[in-house]
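I opened my notebook to look up a few things in this model. Here is what I wrote down, entry by entry.

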Amino acid sequence: MKKSLSHLPKHKQDELELIKALILEKIPDVRMIVLFGSYARGNWVEDIHTEGHTTHVYESDFDILVATKSKESAEDCDLHDRVEKAIAATNKVKTPHSIIYHTFSYVRQMIAEGQYFFTDIKKEGIHLYRRSSKHSLGKAKILTPQQRKQIAEDDFKLWFKSAKQFYGLYETCLERKWYKKAAFNLHQAVECFYSAVTLVFVNYRFRTHDIELLGIKAVSYNSEFALVFPQDTVPHRKAFTLLKKAYIDARYKKDYKITKKQLDYLAERVKVLQKLTNKICKAKIKSFV
């Protein structure tokens, strides 16, 4: 694993140092912090482009793995939320970021089993922090292309089917004018499509219901996903915001409201996502052998 951030601009290095300091401040049993993904590899993207009348903005995020000693720290969502709030309060971290938490023992186990999301982190990642030289990730098992293909195929079938089932539930709710329930099921369809993508590409399902973050992950694997939910007009942005909030608000908040027109528009975009997911995932699966 690499140790230097010298390939990154100074302001990016400063942001990562601040994130690291706040993680260590809030979580006492951290054993390792690793930067992985595009910023570790050196192929991050900060891009704004216009296609017709639509402007698309895409910026790679910092991917950060935090390995803790205890399962409690790795699974404490309130603790993770305090880290996020502390980062936001500084107003100094401008780069989007995604932090995942696992126990150090779990990470070592996944690497030993050849789980390629974690073996890629070991191969490409950069240490931001390591408690001591004793904390080694161990030797990675390397899966054959055939094994990787089978894993990807199985995950794709499971999550793509689940996404289509949620879309079917959306249609039933829409027909009955249960618009809040329709929005929730549409959100779940999007989450499952994106989960199929991340599992096929990196064999990992991110533990979040934030479809905007999941969409950023999908774009990092294939730029075509940037076209799914355009942010070019106020109505489009408002509709997507309502979809983002549907996981919680559509179920629990009385003041959540979404119109049939907004649902029709979002459903059209989800069908685009379905087609892209099917095409891009199948091409990726085929590439494994």
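**Ground rules.** I call a residue buried under 20% relative accessible area, exposed over 50%, and partly exposed in between, using a 1.4 Å probe and protein chains only. This is a predicted model, so I take local features at pLDDT of at least 70 and side-chain atom pairs at pLDDT 80 or more, while totals for chains, interfaces and linings use all residues. Residues are numbered from 1 along each chain as its sequence is written, and side-chain values use heavy atoms, without hydrogens and water.

**Strand E5.** I started with Ile-99, which counts as buried because its relative accessibility is 13%. Ile-99 sits in strand E5; helices (H or I, at least four residues) and strands (E, at least two) are DSSP runs numbered from the N terminus. I looked at the rest of E5, residues 97–103, and found six of its seven residues buried. Its partner is strand E4 (residues 62–68), in the parallel sense over seven bridges; strands pair if DSSP finds at least two bridges between them. Within that pairing, I noted that Leu-65 bridges to Ile-100 of E5. I also checked Ile-99 against Val-83: they are 16 residues apart in sequence, and their C-alpha atoms are 9.6 Å apart.

**Helix H1.** Which residues of H1 are buried? I listed Lys-12, Glu-15, Leu-16, Ile-19, Lys-20, Leu-22 and Ile-23. They lie on the same side of H1, because they cover an arc of only 165 degrees around the axis, taking directions from the helix axis to the C-beta atoms. On the face turned away from that buried side, I found the exposed residues Lys-10 and Glu-25.

**Largest pocket.** I read off a volume of about 1,200 Å³. Here a pocket is an open set of points on a 1 Å grid over the protein atoms alone, where a 1.4 Å probe fits, with protein on both sides within 12 Å along at least five of seven lines; lining residues have an atom within 4 Å of a point. Of its 40 lining residues, the closest to the centre are Thr-208, Asp-210, Glu-212, Leu-213 and Ile-216. Helix H9 gives the largest share of the lining, six residues. E5 turned up again here, as one of the elements that each supply at least two lining residues.

**Helix H12.** My last stop was Lys-275, in helix H12 (residues 260–287). Lys-275 is exposed, at a relative accessible area of 63%. Its C-alpha atom is separated by 15 Å from that of Val-219, 56 residues apart along the chain.

How values were computed
Grid points are joined across faces, edges and corners, and a volume is the space filled by probe spheres set on the points.
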